[in-house]
Amino acid sequence: KADDTIAQEARNAALERTLQTPLLGEHQPDREQGTGYVGATPARATPRATPLSLAPPPTPLLHGSDLPDDATTSSMMPSLKQARRDVREGLAALPAPKFAYDVDVPDAVPEDAAPVEMELEPDARAVDEARAEALRQAELAKLARRSLAVQKDLPRPRNPPALVSGGDDPESLINAEAIRLVRRDAALHPLKGGTLTNDAPLPEFSDGELAKARSLIEEEASRAEPYDEAAFGQKWSELHDARTYFPTRNAIGPVDGASDSDLIAAYKASFEHTRAQMAKGAQRAARVEGRVAETLQPLVDEAESLKARTESAISRLDKAAVEAECYLRLYRTESRTLPARLAAAKARCRALDEREAELQREYADLLAARGSA
C-alpha cells in the first residue's frame, strides 16, 4: 500500500491538536511515518505521487531555455491550461477533512449530592500577618500587666527597701506586700543606676483575678472618707521634711536624732545632687536652645528680611505722605489765588485787544493819509 506522505502529515497534525497532556496519565498516540521525522534530523523523503509529480513534463513556458526560436504565446496556451487542469485534479484528489472531535465529559454529579467544600491552603502572607498580630496582642497584654507605677513612669526608689517581717496586723501586711511589689518592679524593670534584686518570684495571677482584686479595692476605697488633697499635701510635706538621705548610712532616716556630722554629710550630698541636677539641666537647656536656634534660624532670617522691607516701606510711606501734604498745600494755595490771577490775565488780554485795535486804526489812518498825499 503506497501511503500518501501529505495525508500522513495531515493526520499527524490532527493528532497533535488533540494531544492530551501527560499529567493526565494518558499515552501519546502513535504517529504515522510521514516525511520520516524519527530522529534528531529528518530522514530523506521517499518520492511519492503528488499533484505536481502527476503533472505532465515541464512545459516550454516554465523552462524558457527549451523554447524553440519560433515559439509564441498562443502556441503554448494549450499546454499551460492542461497543466493547470492537472494541478486542480491533483488537489481535488486529496482526502477531504474530517470535522470530528473527541470530548471527555466528566461523570454526572447527582443533584441531591451534598456540596463538597474544598479546604484551601491559607495564604502565606495572611498567616504571617495573623502571627504578627498575635505577637503584638501578646506584647500589649504583657505591657498592660505591669504595675501602674511602671506604666505611668512614676518616681520609684533606685535602691528598694529590704524585706521586713512585721506583725500580722493589716498595716504591716500591706507594707510588706508593697515592699515586695517595689522589689519586683526593680527586678523586672530596673532603673538606670539602681540596685538589682534577686528575690523569689511572686505568684502570677490571671487577668480575671486581677480585675476582681481591683474591683474589691475600688469598692473598699468608695467606703472610705473623702480624699482631702490639702491635708494630704501638708502631711506629705511634713514627712518629706522630717526625713532625708544619709550617705554615711546609705539609707533614708529621720532628721531628728541625727548627729551633726550625719546632717552635714546629708546636706552636702543634697547640695551636690542639686548642683549636679542643675548642671545637667543647664546642659540640656543649652542643647535644647541650640536645637531651637537651629530650627528657628530660617524664621529669624525671614523676620530680618521682613523687618528690612517693612522699614523701607515705612520710609517710602513717610516720604509719600510729606509729598502729598506739600501738593495738598500747593493745591489750596492755587485754589485761593487762581480767581484773582485769572481776572488779572483776562484784564491784560482785554487791554492788549484794545491796544491792538487802536494801533490798527492808527495804521489805517496813516495808510489813508499817505494815499491822499
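Let me start with one pair. Glu 129 and Arg 125 have side chains that meet in a salt bridge, at 3.3 Å from N to O. Keep in mind that this is a predicted model.

Why can these two reach each other along the chain? Glu 129 and Arg 125 are 4 residues apart in helix H4, which runs over residues 124-144, and so about one helical turn separates them. As for the charges, side chains of opposite charge can pair when their charged atoms come close. How exposed are the two partners? Glu 129 is partly exposed, with a relative accessible area of 47%. Arg 125 is exposed, at 62%. The cut-off matters here: exposed means over 50%, so Arg 125 with its 62% falls in that class, while Glu 129 with 47% is partly exposed.

Next pair, again in helix H4. The side chains of Asp 128 and Arg 131 form a salt bridge, 3.1 Å from N to O. The spacing is 3 residues in helix H4, which again comes to about one helical turn. Asp 128 has a relative accessible area of 43% and is partly exposed. Arg 131 is partly exposed as well, with 48% relative accessibility.

Now to helix H9, residues 260-372. Which residues pair there? Arg 355 and Glu 358 do, through a salt bridge of 3.8 Å, N to O. Both lie in helix H9, 3 residues apart, or about one turn of the helix. Arg 355 is partly exposed, with a relative accessible area of 44%. Glu 358 is partly exposed too, at 33%.

How many salt bridges does the count come to? The count is 14.

Last, the nonpolar side. Which residues make up the largest nonpolar core? There are 5 of them: Phe 246, Val 255, Ala 258, Leu 263 and Ala 266. Take Ala 258 from that set. Leaving aside residues up to four places away in sequence, Ala 258 touches Phe 246, Arg 249 and Leu 263.

To go back over the pairs: Glu 129 with Arg 125, Asp 128 with Arg 131, and Arg 355 with Glu 358. That is what I have for today.

Definitions and conventions
Residues numbered from 1 in each chain as written. Predicted model: local features only at pLDDT ≥ 70, side-chain atom pairs only at ≥ 80, totals over all residues. Heavy atoms only, no water. Salt bridge = Lys/Arg side-chain N within 4 Å of Asp/Glu carboxyl O. Helix = DSSP H or I, 4+ residues; strand = E, 2+ residues; numbered from the N terminus. Buried < 20%, exposed > 50% of the residue type's maximum accessible area, 1.4 Å probe, protein only. Core = buried A, V, L, I, M, F, W, Y, C linked by side-chain atoms within 4.5 Å. Contact = heavy atoms within 4.5 Å.
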